[in-house]
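Please read this report alongside the sequence and the structure, which are shown just below. The text takes up a loop residue, then the sheet, then charged side chains.

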Amino acid sequence: MISTIEQLEALYGLPGETSLVKELDHIIPEYAAFIEASPFVSLATSGPEGLDCSPRGDLAGFVRIHDPRTLMMPDRRGNNRADSLKNIIRDPRVALLFLVPGSGTTLRVNGRARISIDAELCASFTVEGKPARSVTVIEVDAVYFQCARAIVRSDLWNPERHVDAKSLPTPGQILAVTSRASIDGETYDREWPERAKTSMW
């Protein structure tokens, strides 16, 4: 069991120069290229109930670079749990991990966030006639790329390794179990495609 930083450093050693010089407190054009190409980001937050990591997906470049120290991310329709947003209200610290399909390199951003419901700002993120419900404004504290080892090891983008969705439990099947059959799983799965068409944005 490792219980001290000294023990950890003795096992792993110290980071090399490339691991340190890549970290900045602002977005440079090279990092902006990844943000603008990314249709998916994981958002990590912290609150009194614990940690949360939530997927965020939209059209590529949906996270807007307002300036080198500020990002803006629209919030769309969802399940209304709003776990991430509740956490941000109570603890503004956030971490983001941007993925770009086909690229092994990922981009990490740490910062502090606030939630804006400014009508003009939300309207500027309109898709298919629907504005963002709110916009998460993130002040960048640190930004750096993550090397490709994890993506390469996982073979994430290889279509030959994609899992057949039919081999996994459906959301309806899961809900039927977790709700102790109070939710009709077959109906949920049958209605989902049409519901998604009208509630995506």
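Serine 38 lies in the loop between helix H3 (29-37) and strand S1 (40-47), in what is a predicted model. With a relative accessibility of 1%, serine 38 counts as buried, because buried means under 20%. Apart from its neighbours within four places in sequence, serine 38 is in contact with Leu59, Ala60, Gly61, Phe62, Phe98, Leu99 and Val100. Serine 103 is 65 residues away from serine 38 in sequence, while their C-alpha atoms are 10.0 Å apart in space.

Seven strands form an open sheet with antiparallel pairing, in the order S2-S1-S5-S6-S7-S4-S3. Strand S2 (50-57) and strand S3 (64-67) are the edge strands, each pairing on one side only, and the twist from one strand to the next averages 35 degrees. Strand S4 (residues 70-75) runs antiparallel to strand S7 (residues 134-146) and is joined to it by six bridges; methionine 73 has threonine 136 in S7 as its bridge partner.

Ten salt bridges are found in a search of the whole structure, and the table gives some of them.

| Salt bridge | Closest N to O |
|---|---|
| Arginine 112 and aspartate 141 | 2.7 Å |
| Lysine 197 and glutamate 194 | 3.8 Å |

Arg112, Glu139 and Asp141 are linked in a network of salt bridges. Arginine 112 is partly exposed at 34% relative accessibility, as are glutamate 139 at 38% and aspartate 141 at 33%. Lysine 197 and glutamate 194, by contrast, both lie in helix H8 (residues 185-199), three residues apart, or about one turn of the helix; lysine 197 is exposed at 62%, whereas glutamate 194 is partly exposed at 48%.

How values were computed: Residues are numbered from 1 along each chain as its sequence is written. This is a predicted model: local features need pLDDT of at least 70, side-chain atom pairs count only at pLDDT 80 or more; totals for chains, interfaces and linings use all residues. Side-chain values use heavy atoms; hydrogens and water are left out. Two strands pair if DSSP finds at least two bridges between them. Helices (H or I, at least four residues) and strands (E, at least two) are DSSP runs, numbered from the N terminus. Axes are lines fitted to C-alpha atoms, for helices over the stretch in contact, and angles run from 0 to 180 degrees between N-to-C directions. Buried means under 20% relative accessible area, exposed over 50%, partly exposed in between (1.4 Å probe, protein chains only). Contact means heavy atoms within 4.5 Å. A salt bridge is a side-chain nitrogen of Lys or Arg within 4 Å of a carboxyl oxygen of Asp or Glu.
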